[in-house]
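Here is a friendly tour of the fold you are about to see. Take a look at the structure, then read on.

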Amino acid sequence: MKAVITVVGKDRVGIIHDVTKILLDNNINILDISQTILGGYFTMMMITDISQSTNQIDELKQLFENIVCNSSLDITIQHEDIFNSMHNI
């Protein structure tokens, strides 16, 4: 099972660490990743394999919410099928 994770926010030290620490702790593998900094704003999109995680998407959302509450980041995680459906017009 795959999930799409997006991270957007004001650039700062430790963003990648904070996000990938959750992935590591939940046995989630990064299959593809793209990141850049645009005008001081950090953007990252990852395709991940969540099939080995014991947590469901909603539980993972809550873990990412803890980062969001302590920073100016916007982090979303969506099942790949939902992401694809939302972006097909």
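## Fold and packing

From the N terminus on, the protein's elements follow the order β-α-β-β-α-β-α, giving three helices and four strands; helices (H or I, at least four residues) and strands (E, at least two) are DSSP runs, numbered from the N terminus. This is a predicted model, where local features need pLDDT of at least 70, side-chain atom pairs count only at pLDDT 80 or more, and totals for chains, interfaces and linings use all residues. Residues are numbered from 1 along each chain as its sequence is written, and side-chain values use heavy atoms, without hydrogens and water.

| Strand | Residues |
|---|---|
| strand 2 | residues 29-38 |
| strand 3 | residues 41-49 |

They run antiparallel and are joined by nine bridges; strands pair if DSSP finds at least two bridges between them. Q35 has M44 in strand 3 as its bridge partner. In this hairpin two residues lie between the strands, and G39 takes a positive phi near 55 degrees.

Which residue lies over the face of Y41? K10 does, at 5.4 Å from the ring centre (a charge sits over a ring if NZ of Lys or CZ of Arg is within 6 Å of the ring centre and within 35 degrees of the ring normal).

As for the whole protein, 30% of its 89 residues count as buried, meaning under 20% relative accessible area with a 1.4 Å probe, protein chains only. The C-alpha atoms fill a box of roughly 35 × 35 × 20 Å along the principal axes.

How values were computed:
Buried < 20%, exposed > 50% of the residue type's maximum accessible area, 1.4 Å probe, protein only.
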